[in-house]
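Please go through this short report with the model open beside it.

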Amino acid sequence: MEGVEAYGFSAAMSGAFLLSSLLFAAVNRRLREPYMDEVFHIPQAQAYCQGRFLQWDPMITTPPGLYLLSVGVVKPAAWLFGWTGSVVCSTGMLRFINLLISAGNFYLLYLLLLKIHQKNKAVSGFQRILSSLTLATFPTLYFFTFLYYTDTGSVFFTLFAYLMCLYGNHKASALLGFCAFMFRQTNIVWTVFCAGNVVAEKLNEAWKTELLKKKDERISSMRTSFSDLTLITRFLIEYLISPKNLITLIALTWPYIVLVAAFFVFVFVNGGIVVGDRSSHEACLHFPQLFYFLSFTLFFSFPHLLTPAKIRKFLQSLRRHRVQYILIAAVSLFFIWKFTYVHKYLLADNRHYTFYVWRKIFQRHELVKYVLVPAYIFAGWSFVDTIKSKSIFWILMYFVCLLSVTVPQKLLEFRYFILPFLIYRLNIPFPPVYRQLVELAFYTVVNAVTFYLFLNKTFQWPNSVEIQRFMW
């Protein structure tokens with residue numbers, strides 16, 4: 001980081017943290033009591049603060065990483081500053097831990113952008129800082145910075161693990177992956193993603209060597225046409241059945257293999273992936289979750305995905321590959337017909353935006369979910385088009401992880417999309433500055449509206465005196 005860029009980054013990060021601190025104070029003045037899932041998380045953390053580590057609320061479905069970290073931060077701080085009584089592990093204090101972690105997320109996003117795009121010398125320091133600021137204020141993640149939820153810490157340890165993986169420190173990456181798992185079990189998928197990065201890099205090197213041997217310039221390691229996929233599939237089979245290649249890959253990825261093996265032991269001993277109440281977290285094959293994620297990404301990345309040039313290019317692709325798109329549409333319609341699930345929480349909880357998305361769009365008519373298929377196809381095409389600079393092996397690996405983390409979820413919950421979105425957004429080529437500015441302005445407006453509704457537009461349920469608030 002050069003001098004000017006370092007000063008610029010410090011100013012951006014300090015300014016963002018100052019504004020977030022002011023917003024944090026406003027949220028805590030209006031919302032002094034635990035809200036939503038905080039009703040479970042905060043008492044559990046307070047029990048840990050009091051040394052009752054064997055006490056566990058059966059309604060909590062994630063491991064105790066958030067509570068252990070909280071105790072590790074608050075207890076030394078209380079001793080250092082002489083805090084006593086209700087201040088220690090209070091609702092405000094526990095929420096403030098997430099605000100501190102969010103500063104770490106800002107820095108990690110910057111370091112990841114720096115590492116991933118290090119070969120692109122055309123990218124300026126201003127663009128890196130601007131992208132870091134934009135992603136740090138990504139609305140779905142930013143909102144939960146101000147509540148005592150697992151999302152902020154989950155993102156921190158997952159991004160940290162990814163960064164260590166990119167630097168080749170795989171033992172540290174696996175250890176951080178374990179920390180991420182302790183915040184949310186599904187983060188084990190991103191440990192696999194880190195291992196997949198290593199494997200994809202070796203595969204791409206071998207693939208390029210293979211092409212040089214054959215001197216076949218008609219095929220590129222970056223192309224993804226159907227004929228190329230046949231050749232790539234054959235190459236993958238030949239590469240992976242070689243004992244020498246397998247030994248090399250195992251030697252490189254053994255820390256991740258150990259962690260994934262430990263995860264399977266946990267699942268076997270626990271009798272499933274969910275800790276605590278499992279009745280509302282049953283796994284299923286919910287393939288439309290991929291379509292919801294693509295739509296979510298199109299919405300939040302519209303300055304990059306929904307441009308006139310993209311639309312023209314998509315229409316040209318549509319004309320050239322009509323048969324393939326008809327097949328994709330047919331498969332999509334089948335998945336929507338046979339694998340659409342509606343979780344009871346989605347229909348019952350009118351505090352979440354997903355409730356209104358489902359009611360205002362999908363419940364308007366039973367055919368709406370089918371009519372949206374062309375939009376899903378465009379979103380998917382545009383999504384893939386923006387990461388075509390990555391190797392085909394990286395793209396395949398990312399989609400395997402994306403499907404693993406979204407499809408088994410029965411509940412449509414935007415928080416589940418945070419990590420796959422961030423990893424996607426980190427890996428797309430740097431867009432022009434004006435698009436980044438539009439994206440930041442859009443995020444700012446969404447955040448402003450979100451917090452205005454949350455703080456000011458409260459409501460009450462019939463036969464209840466509790467104040468309810470709108471949220472992601």
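What is the mean pLDDT of the protein chain, and what share of its residues reach 70 or more? This is a predicted model. The chain has a mean pLDDT of 92. Of its residues, 97% reach 70 or more. One stretch needs care: residues 217-224 have a pLDDT below 50. In the model this stretch still has 22 contacts beyond near neighbours in sequence.

**The helix pair**

Helix 7 packs against helix 8 at an angle of about 165°. Their axes lie 8 Å apart. Angles over 145 degrees count as roughly antiparallel, so helix 7 is roughly antiparallel to helix 8. The crossing of the two helices is left-handed.

The table lists the residues that make the contact.

| Helix | Span | Contact residues |
|---|---|---|
| Helix 7 | residues 151-166 | G153, S154, F157, T158, F160, A161, M164, C165 |
| Helix 8 | residues 170-183 | H170, A172, S173, L176, G177, C179, A180, F183 |

How do the residues of this contact divide into nonpolar, polar and charged? Ten are nonpolar and six are polar. No charged residue takes part in the contact of helix 7 with helix 8.

**E5**

E5 sits in helix 1, which spans residues 3-30. Is E5 buried or exposed? Its relative accessibility is 10%. Buried means under 20%, so E5 counts as buried. Which residues does E5 contact, leaving aside its neighbours within four places in sequence? They are Y110, G125, R128 and I129.

Note on methods. Residues numbered from 1 in each chain as written. Predicted model: local features only at pLDDT ≥ 70, side-chain atom pairs only at ≥ 80, totals over all residues. Heavy atoms only, no water. pLDDT = per-residue confidence, 0-100. Contact = heavy atoms within 4.5 Å. Axes fitted to C-alpha atoms, helices over the stretch in contact; angles between N-to-C directions. Helix = DSSP H or I, 4+ residues; strand = E, 2+ residues; numbered from the N terminus. Parallel < 35°, antiparallel > 145°, perpendicular 65-115°, else oblique. Left-handed = near helix turned anticlockwise from the far one by under 90°. Nonpolar A, V, L, I, M, F, W, Y, C, P; charged D, E, K, R; others polar. Buried < 20%, exposed > 50% of the residue type's maximum accessible area, 1.4 Å probe, protein only.
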